[in-house]
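Reader: Please take a close look at one part of this assembly, the places where chains meet. Keep it brisk.

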Protein chains: 10
Amino acid sequence: MVQMQVNIPATLDKAVADQLKKDEKEMAQKLQREGKWRDLWRVVGQYANVSIFNVSGNDELHNILSALPLYPFMSISVTPLTQHPSAIAQIG
Amino acid sequence: MVQMQVNIPATLDKAVADQLKKDEKEMAQKLQREGKWRDLWRVVGQYANVSIFNVSGNDELHNILSALPLYPFMSISVTPLTQHPSAIAQIG
Amino acid sequence: MVQMQVNIPATLDKAVADQLKKDEKEMAQKLQREGKWRDLWRVVGQYANVSIFNVSGNDELHNILSALPLYPFMSISVTPLTQHPSAIAQIG
Amino acid sequence: MVQMQVNIPATLDKAVADQLKKDEKEMAQKLQREGKWRDLWRVVGQYANVSIFNVSGNDELHNILSALPLYPFMSISVTPLTQHPSAIAQIG
Amino acid sequence: MVQMQVNIPATLDKAVADQLKKDEKEMAQKLQREGKWRDLWRVVGQYANVSIFNVSGNDELHNILSALPLYPFMSISVTPLTQHPSAIAQIG
Amino acid sequence: MVQMQVNIPATLDKAVADQLKKDEKEMAQKLQREGKWRDLWRVVGQYANVSIFNVSGNDELHNILSALPLYPFMSISVTPLTQHPSAIAQIG
Amino acid sequence: MVQMQVNIPATLDKAVADQLKKDEKEMAQKLQREGKWRDLWRVVGQYANVSIFNVSGNDELHNILSALPLYPFMSISVTPLTQHPSAIAQIG
Amino acid sequence: MVQMQVNIPATLDKAVADQLKKDEKEMAQKLQREGKWRDLWRVVGQYANVSIFNVSGNDELHNILSALPLYPFMSISVTPLTQHPSAIAQIG
Amino acid sequence: MVQMQVNIPATLDKAVADQLKKDEKEMAQKLQREGKWRDLWRVVGQYANVSIFNVSGNDELHNILSALPLYPFMSISVTPLTQHPSAIAQIG
Amino acid sequence: MVQMQVNIPATLDKAVADQLKKDEKEMAQKLQREGKWRDLWRVVGQYANVSIFNVSGNDELHNILSALPLYPFMSISVTPLTQHPSAIAQIG
């Protein structure tokens with residue numbers, strides 16, 4: 001599970017910020033269509049998301065996260081998850 | 001998103017604990033089959049899980065959680081999530 | 001329960017800030033009259049409030065919060081509440 | 001606003017605990033009928049509540065809280081609230 | 001008990017800051033002479049104070065605090081206190 | 001300022017606990033009459049107090065605190081205070 | 001990186017605890033010889049370690065950790081690491 | 001024990017900052033020669049120090065700290081210490 | 001700098017605890033006489049100390065700490081210190 | 001173990017920042033080739049690293065860290081490690 005909190009500084013030019021958000025959305029949707037970004041939810045009341053990624057390992061995950069257009073303005077924490085013994089679905 | 005941390009005291013009788021875990025697993029799988037407990041992951045290295053529930057609201061969620069056999073031994077936190085504007089899938 | 005902490009940066013133009021506060025007050029009162037924003041209290045000694053919303057779910061709550069004029073300057077946390085078994089009043 | 005977290009030790013005799021909970025419920029409902037305990041909500045997934053009291057001051061609030069049957073097993077925090085300038089209802 | 005931490009931004013004009021501090025001192029002393037601000041101590045090594053107020057309730061306390069000249073630059077926390085059963089002096 | 005949180009374990013014999021509380025009260029009142037324990041307040045909703053001591057230094061303060069009958073069951077934090085430049089009363 | 005804090009309760013039988021520690025040491029050394037447990041350090045002054053594992057992914061890591069004899073008495077946190085662009089050695 | 005963390009804002013003119021650091025060093029050494037500032041250590045990897053002061057009380061300590069040239073840029077915490085019963089040296 | 005917090009469980013036999021404290025004191029004084037344990041202070045109001053050790057490195061420090069009779073009941077944190085550029089005394 | 005979090009302010013000139021990063025990389029690689037900086041990993045999703053240094057003591061470690069080009073923009077914490085009794089490799 002990845003938790004991302006976005007904090008765009010007020011000093012960033014609005015046009016630049018808008019372009020970054022547009023690029024971020026496009027990349028997020030491309031990664032979802034490819035099956036890499038399995039789930040993406042908005043946290044209620046926050047400019048933040050909770051996400052589930054389906055990747056081969058830490059390297060791929062870091063490459064994806066650090067290539068996000070809003071990455072320089074994100075505070076990210078990663079909680080490694082694995083198959084739960086009571087889960088009826090199989091991961092991956 | 002619901003995060004559950006289980007902490008069964010060492011003083012609990014082992015047979016009782018084993019039965020509770022068995023009941024918990026059965027109820028967790030029943031709720032998954034019904035589509036209420038959408039996702040269930042184990043946190044690596046912890047007796048804890050990260051879960052996504054698909055419920056009608058706070059009342060239903062509390063009823064489900066408080067009826068879990070291991071509920072008295074769980075520390076639970078709930079983070080309300082909603083549709084993300086960049087998500088290609090629709091919630092619910 | 002929603003807890004909102006407002007932090008307007010000193011660099012924001014005073015006229016802009018005043019207009020935002022005026023718009024915020026109008027929207028807060030409109031939502032109260034509609035019964036969506038059930039309770040609104042000031043935290044003593046802080047530019048913060050504690051609020052109770054009466055909404056259909058997480059989607060409606062996020063739509064209301066993210067449309068508040070001061071939303072970009074707020075730090076918000078949501079604590080999901082439900083009917084208490086000892087409460088004599090019924091929620092909703 | 002008062003936040004109460006209940007933590008009854010597993011070593012407490014079950015009959016004693018049940019009687020305490022019954023007494024707690026009776027007192028909570030009596031205080032609600034008297035208008036002292038204005039609101040009482042359950043926190044989803046926790047043996048905890050969020051409450052609003054309508055009292056004359058700190059002395060009365062402490063007398064009420066410390067007389068609750070489950071008080072010895074509660075962790076309580078109090079956040080003083082007051083009239084919000086945008087609230088359409090008047091406190092008290 | 002009220003704990004106030006002052007944080008005047010370096011960008012504030014020095015003359016403005018000096019006037020605010022002078023006004024703050026005058027108001028603090030006026031409130032002390034009136035008996036509202038019962039005790040005022042400096043925290044060693046910090047631009048912070050610990051204070052005891054003698055007020056009728058939350059409304060009066062918030063009105064006093066929010067009218068302080070340095071209020072916009074303060075981080076304030078309020079801990080409600082009451083008569084201690086072992087105290088030989090009576091509050092109020 | 002001294003903040004004391006009392007946590008008497010449920011396993012302590014009730015008669016022993018009652019005697020300790022009685023001794024604690026007597027010593028607290030003796031120290032108040034001597035002017036060492038200047039102020040003593042109850043924190044609303046907690047088995048805790050906020051206190052002001054008038055002592056010659058750290059040694060005397062530690063000797064007083066560590067001689068309290070309930071000391072072994074207390075969690076104590078000390079915040080050093082000094083004369084505030086805006087205070088109209090003089091310490092000591 | 002995995003951080004493990006061991007907390008064996010004082011109520012555990014000493015012979016049982018000693019056997020668990022012996023088994024833990026054997027398994028730790030077996031995993032090191034196999035190259036799975038790449039590094040193992042003691043934190044100075046604590047019954048805790050900092051470890052680096054060389055595993056195929058989250059599943060293998062959780063299987064290893066949860067099979068450790070002292071696992072029921074450990075508090076574990078996992079910080080996912082990856083190749084650093086300035087590192088001259090290659091991971092894996 | 002006093003812990004000081006220095007945080008000079010990047011916007012401060014470099015010549016001003018250098019002069020402040022030079023003045024700070026001179027005053028720190030003067031206070032050490034006078035025996036007031038008994039010990040001064042650098043925290044490894046941080047622009048911070050751990051210090052022991054030998055002063056008559058809280059007033060003198062605050063006067064010393066608040067007169068330090070870098071005081072406006074320091075975050076300071078004070079932990080009151082006293083003679084330890086197992087110490088072979090006497091304080092003061 | 002080493003900070004040690006002692007927490008002897010109430011269930012430990014009093015004679016055993018007293019012997020451990022006596023042994024701890026003897027070892028602490030022996031290490032002070034040898035110059036390894038340079039400073040030892042009591043934290044006011046707490047069963048805790050702040051200490052400075054003069055050792056060859058991490059290995060020696062851990063060997064000393066883990067051999068203390070009360071080590072199993074201590075929570076220890078270590079803050080590495082070094083020569084401060086403004087210190088007039090030389091470490092070591 | 002050393003944990004470094006880099007936070008380059010948005011106001012720093014991009015050319016200056018790029019040069020600092022280039023210098024940082026060169027120094028990090030030089031220290032790795034010399035065997036001082038034993039391990040260097042990227043934390044997934046963060047502009048941060050986890051590192052293991054092989055140094056003679058606190059003085060050398062602080063000299064290395066404080067000479068890093070990005071040191072003024074780093075938040076650093078040091079956790080002292082030592083030989084683990086179950087480790088099959090010897091430190092140093």
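Author: Contact means heavy atoms within 4.5 Å. By that rule chain A and chain I do not touch, and their nearest C-alpha atoms are 25 Å apart. Chain A has no contact with chain H either; here the closest C-alpha atoms lie 15 Å apart.

Some ground rules come next. This is a predicted model, in which local features need pLDDT of at least 70 and side-chain atom pairs count only at pLDDT 80 or more, while totals for chains, interfaces and linings use all residues. Residues are numbered from 1 along each chain as its sequence is written, chains are lettered from A and ligands numbered from 1 in the order in which they are written, and side-chain values use heavy atoms, without hydrogens and water.

Take chains A and B.

Now the interface itself. Chain A brings 28 residues to the contact, and chain B brings 28 residues. Together they bury about 2500 Å², with 66% of that from carbon and sulfur atoms. Buried area is the accessible area (1.4 Å probe) that two parts lose on being put together, summed over both. On the side of chain A, the residues that lose the most area to chain B are Trp41(A), Arg42(A) and His84(A), together 25% of what that side buries.

Charges come next. The rule finds two salt bridges between chain A and chain B (a side-chain nitrogen of Lys or Arg within 4 Å of a carboxyl oxygen of Asp or Glu). One of them pairs Asp39(A) with Arg38(B), whose closest N and O atoms are 3.1 Å apart. Polar contacts link 14 residue pairs across this interface, both residues at pLDDT 80 or more. Such a contact is a pair of N or O atoms within 3.5 Å; within protein, one must be able to donate a hydrogen and the other to accept it, and residues adjacent in sequence count only if both atoms are side-chain atoms.

Which elements of chain A supply at least two residues each to the side that touches chain B? They are α1 (14-33), β2 (37-43), β3 (48-53) and β5 (81-83). Helices (H or I, at least four residues) and strands (E, at least two) are DSSP runs, numbered from the N terminus. β2(A) gives the most, with six residues. By class, this side of chain A has 14 nonpolar, nine polar and five charged residues.

Strands also pair across the boundary (at least two DSSP bridges). β5(A) runs antiparallel to β2 (residues 37-43) of chain B, joined by three bridges. Thr82(A) stands opposite Arg42(B).

Turn to chains G and B. Seven residues of chain G contact six residues of chain B. The two chains bury about 510 Å² between them, 61% of it on carbon and sulfur atoms. His62(G), Tyr71(G) and Ile76(G) supply 64% of the area that chain G buries there, more than any other three residues. The rule finds zero salt bridges between chain G and chain B. Three residue pairs are in polar contact, both at pLDDT 80 or more. On the side of chain G, α2 (58-66) and β4 (74-78) give two or more residues. α2(G) gives the most, with four residues. This side of chain G has five nonpolar, two polar and no charged residues.

Methods. Nonpolar A, V, L, I, M, F, W, Y, C, P; charged D, E, K, R; others polar.
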